[in-house]
Structures are given as C-alpha cells and as structure tokens.
Amino acid sequence: MPTANRVLLVLGGTLAAILSLAILFSPAAFYASYGIEVDGMANLLNELKAPALVILALGAIQALGAFQLRHHRLGIGAGVLLYLGFGLSRLAAMATDGPPAAALIAVTASELVIGFLFVLALWRLRTSTAG
C-alpha cells in the first residue's frame, strides 16, 4: 500500500470521526462556528444529526483501509463517496440557493480537495493493477 494512500486514509477517517462526533454530541458549538444557530431547534438538530453515524461509518471504513490491505480499495472508495458527496452537494446548494458564509465555502473547498485526492488515489490503484 502506498504511504500517501495510508496517510490520506488516516486523515480522512480521523477527520470524519471528529466531525461526526462533534455533530452528534456538541452540535451547538459545531454549527455556531459556521454562524448557524441551532439551540432549541429540535427539528433542525434532528435533521443535522441524521448523517452523523453515516459519516462515522465511512470514516471507520477509511481507517480500516489504512491498516488492512484487503480493505484498502474499500477505504479509498469510502473517502471518495464521503468527501466528494458532501463537496458536490454543497456546490449544488450554492448554485440553487446562493453562496453561504465564508466558513462554509472554505469547508466546500476542503471537501472537494480531499475528495479529489481520494479520486486520484483510486485512479492510481486502478492503473497500477491494470498494467
């Protein structure tokens, strides 16, 4: 397994775990950092927390891929799904709703960069096994 892929998987898995746990257990502070007020809004909190365990599971798959060769490709795929999925969804939201706060634009850029790094890792795996 290439060292760069292992680092990417550890980074992606760790970031996903931290974010998902913050969303689940400290949502007011987490979303306040983006200028989103959620205190006392049970319906909004429920909706925002809904994807947290999916994010955690995809992060765990990435971490597993970093340490078990047989799950390496699965971990890379989980990273593509998680980071490009969120990044591209945010771009679609910007196109339909207008630009959000600067912090959310930075998050979008980060998700897209990480997602494309996972795509590159997947592409490199495919080309190395094809030839």
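User: Hi! How are α1 and α4 oriented relative to each other, roughly parallel or roughly antiparallel?
Analyst: Residues are numbered from 1 along each chain as its sequence is written. In this predicted model, local features need pLDDT of at least 70 and side-chain atom pairs pLDDT 80 or more, while totals for chains, interfaces and linings use all residues, and side-chain values use heavy atoms, without hydrogens and water. The axes (lines fitted to C-alpha atoms over the stretch in contact, with angles from 0 to 180 degrees between N-to-C directions) of α1 (residues 3-25) and α4 (residues 52-67) come within 7 Å and cross at roughly 155°. Because angles over 145 degrees count that way, α1 and α4 are roughly antiparallel.

User: Which residue class leads the contact of α1 with α4, and with how many residues?
Analyst: Contact means heavy atoms within 4.5 Å. Among the residues that meet are Leu9, Val10 and Gly13 in α1 and Leu53, Ile55 and Gly59 in α4. Beside 6 polar and 1 charged residues, the class asked for is nonpolar, with 13.

User: Which element gives the most to the lining of the largest pocket?
Analyst: The largest pocket has a volume of about 690 Å³, and the closest of its 29 lining residues to the centre include Phe86, Arg90 and Leu104. A pocket here is an open set of points on a 1 Å grid where a 1.4 Å probe fits, with protein on both sides within 12 Å along at least five of seven lines, and lining residues have an atom within 4 Å of a point. With 8 residues, the top contributor is α5.

Methods. Helices (H or I, at least four residues) and strands (E, at least two) are DSSP runs, numbered from the N terminus. Angles under 35 degrees count as roughly parallel, over 145 as roughly antiparallel, 65 to 115 as roughly perpendicular and the rest as oblique. Ala, Val, Leu, Ile, Met, Phe, Trp, Tyr, Cys and Pro count as nonpolar, Asp, Glu, Lys and Arg as charged, and the others, Gly among them, as polar. Grid points are joined across faces, edges and corners, and a volume is the space filled by probe spheres set on the points.
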